[in-house]
Amino acid sequence: MPAAMPPAIEPRLLRAFVAVAEELHFTRAAARLYVAQQALSRDVRRLERELGAELFLRTTRQVTLTADGERLLPYARRVLAAQDDLLAAFGAARPLLVDVNSEGPLTARRVLLRARELAPDHELLARYERGLTGAAAALLAGRLDVSFGRFAGLDPVLRSGLAQQPVRYEPMAVLLPEDHPLAALPEVPLGALAGETVYAGAGNPGTREWTELARQLFEGRGIRPAPPHPVVLGAEEFARVMAASRMPVLAVVDFPAMSGAALRPLVDPVPLSPVSLVWRKGLVHPALDALKAAAAELARAEKWLSPPGDRWIPAMDVEVMNGPFRHSEHM
């Protein structure tokens, strides 16, 4: 009887094989593909299992191709060249539209800037949807490619069409009028906000995931959520409205500086805002790989996914960040 044909091989596995075959070095091949070395090694081992052949000889000093690896290499290159032609024909080389929520040195923008450094030959265009809820429909419709935010705050139906990579547990803060009594403190204990009315985006349909996170944080602590307010656009207009209302605003520690306001971290406990990189399932784009690599690199360097011991975060957020919705491919 003829030998059984191997199952359909994912192009990603062939791309991993070709990179290692050409570099003959797993670390350099991983850097070339913007993936972690562990993920690259896993893909190569999977390809070897699916083909039933050993493709590389690995020693502590060098990596070399086996006879089967030499035989596979020209076929793999032809398959990948055809895939590249197909992707180019359908716009994989087009600019990647990246929603960074708002302007300023926030987590999303830092990831975007690093990704541009990693993939200088690809265009990553920033967009400003100001909330993952607002961005989700655009992601699924193809009007946006990538966004950032609290994935657990989306409707499960929306989540089912999206993939995510956890990026950061971002400490939350409070933005206060500079003459507010709490502004004199270097850090504001969460309990000190009891009796205050705090704005957390109510009335903005694009940031419902943030408003809901705030509602859970305020519940049982005597903190009143501010009533809905029309969406305010622009830092100058936001500062004017805040000065007129004199209302504290729930924010994050990297919120941009604002005239007439003081940003203070919240403590006892430290409330955390989970941030994920989010894209629609099935999206293929080299700049997306660079974004994933940039997010993983910054998360490791800044310990973004190592929250403090004295912290507050809803259990559902922890489950979604670490559970079945977590996307591990290329991490």
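**A walk through the interior**

Author: Glu 170 counts as buried, because its relative accessibility is 5% and the cut-off for buried is under 20%. Please keep in mind throughout that this is a predicted model. Glu 170 sits in strand 6, which runs over residues 162-177. Its side chain is joined to that of Arg 168 by a polar contact of 3.5 Å. If you set aside the neighbours within four places in sequence, Glu 170 touches Thr 107, Val 252, Asp 254, Pro 271, Leu 272, Ser 273 and Val 275.

Click next on Ser 273, one of those contacts. Ser 273 belongs to strand 12, residues 270-280. Ser 273 is also buried, with a relative accessible area of 8%. With neighbours within four places again left out, the contacts of Ser 273 include Glu 170, of course, along with Arg 168, Tyr 169 and Met 172. Trp 210, Leu 213 and Val 252 are also in contact with Ser 273. Val 252 is therefore a contact of Ser 273 and of Glu 170 as well, with both of these residues buried.

The largest nonpolar core has 29 residues. Strand 6 and strand 12 are among the elements that give two or more residues to this core, and so are strand 3 (96-99), helix 5 (107-118), strand 4 (124-127), strand 5 (146-149) and helix 10. Helix 10 contributes the most, with nine residues. To find the residues with the most contacts inside this core, select Leu 96, Val 98, Val 111, Leu 124, Val 146, Phe 148 and Leu 291.

A second, separate core holds 24 residues, including Leu 14, Phe 17, Leu 55 and Leu 80. Phe 17 leads us to the aromatic rings. The structure holds two aromatic pairs. Phe 17 and Phe 56 make a tilted pair, 5.5 Å centre to centre with 50 degrees between the planes. Phe 17 comes from helix 1 (residues 11-23) and Phe 56 from strand 1 (residues 56-58), so this pair ties together parts that lie 39 residues apart in sequence. Phe 17 is buried at 0% relative accessibility, and Phe 56 is buried at 0% too.

Phe 26 and Phe 56 make an edge-to-face pair, with 6.2 Å centre to centre and 70 degrees between the planes. Phe 26 lies in helix 2 (residues 26-33) and Phe 56 in strand 1, so here the tie is between parts 30 residues apart in sequence. Phe 26 is buried as well, with a relative accessible area of 10%. Together, Phe 17, Phe 26 and Phe 56 form one aromatic cluster.

Our last stop is helix 2, whose buried residues are Phe 26, Ala 29, Ala 30 and Leu 33. These residues cover an arc of only 100 degrees around the axis, which puts them on the same side of helix 2. The cover over them includes helix 1, helix 3 (37-51), strand 1, strand 2 (63-65) and helix 10 (286-302).

Key. Residues are numbered from 1 along each chain as its sequence is written. This is a predicted model: local features need pLDDT of at least 70, side-chain atom pairs count only at pLDDT 80 or more; totals for chains, interfaces and linings use all residues. Side-chain values use heavy atoms; hydrogens and water are left out. Rings of Phe, Tyr and Trp (its six-membered ring) pair if their centres lie within 6.5 Å; planes under 30 degrees apart count as stacked, over 60 as edge-to-face and the rest as tilted. Helices (H or I, at least four residues) and strands (E, at least two) are DSSP runs, numbered from the N terminus. Buried means under 20% relative accessible area, exposed over 50%, partly exposed in between (1.4 Å probe, protein chains only). The arc is that of the directions from the helix axis to the C-beta atoms. Contact means heavy atoms within 4.5 Å. A polar contact is a pair of N or O atoms within 3.5 Å; within protein, one must be able to donate a hydrogen and the other to accept it, and residues adjacent in sequence count only if both atoms are side-chain atoms. A nonpolar core is a set of buried Ala, Val, Leu, Ile, Met, Phe, Trp, Tyr and Cys residues joined through side-chain atoms within 4.5 Å.
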